[in-house]
Amino acid sequence: MNKKEMLERFSLLEKRFQELQEDFVTIKKDLVQLVEENHQLAHENHHLRQRLDDLTPDSNQQEFKTKDQHKDSNDPSIGEGYDNLARIYEEGFHICHVYFGTPREEEDCIFCLKFFG
Ligand SMILES: [Zn+2]
């Protein structure tokens with residue numbers, strides 16, 4: 001290998017190294033963003049779980065995860081929780097078992113609407 005070749009290879013490696021560094025910076029930025037998002041979601045999840053606990057003091061939370069939801073109209077606490085869930089829905093979050101607690105897009109969710117029907 002002559003000097004010219006060596007210099008060419010060296011500058012090529014240098015270029016690759018710079019590209020790798022740029023990739024590294026990009027990935028690091030993405031990672032920071034993901035960590036922030038994760039933190040926000042964890043916070044939001046915690047907040048929603050607390051609200052859910054507040055809304056359903058007596059009933060088992062598992063009820064929201066099962067498909068068949070039976071509404072006992074004789075229990076006044078369920079009616080109240082129901083109103084609160086409606087409010088959460090209005091605030092822009094899913095209350096259905098499929099996407100519970102996640103932010104809702106503009107349009108209505110058919111799973112959430114089933115809950116009202
Ligand atoms: Zn929904």
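Predicted model: local features only at pLDDT ≥ 70, side-chain atom pairs only at ≥ 80, totals over all residues.

Q: OK. How many helices and strands in the protein chain?
A: The protein chain has 3 helices and 0 strands. From the N terminus, the order reads α-α-α.

Q: What share of the residues counts as buried?
A: The figure is 7% of the 117 residues in the protein chain.

Q: Which residues make up the largest nonpolar core?
A: That core has 6 residues: Leu55, Leu85, Phe93, Ile95, Cys96 and Cys112.

Q: Take leucine 55. What is it in contact with, leaving aside neighbours within four places in sequence?
A: Leucine 55 contacts Gly81, Asn84 and Leu85.

Q: New topic: phenylalanine 111. Where is its place?
A: Phenylalanine 111 sits in helix H3, which covers residues 110–116.

Q: Why does phenylalanine 111 count as partly exposed?
A: Because phenylalanine 111 has 14 C-beta neighbours inside 10 Å. Buried takes 20 or more, and exposed means 12 or fewer.

Q: And what does phenylalanine 111 touch, not counting residues up to four places away?
A: Cys96, Val98 and Tyr99.

Q: How far apart are phenylalanine 111 and isoleucine 95?
A: They are 8.4 Å apart, C-alpha to C-alpha, and 16 residues apart in sequence.

Q: Last one. What do residues 24 or more positions apart account for?
A: They supply 26% of the protein chain's contacts with a separation of 6 or more.

How values were computed
Residues numbered from 1 in each chain as written. Helix = DSSP H or I, 4+ residues; strand = E, 2+ residues; numbered from the N terminus. Contact = placed C-beta atoms within 7 Å. Core = buried A, V, L, I, M, F, W, Y, C linked by C-beta atoms within 7 Å.
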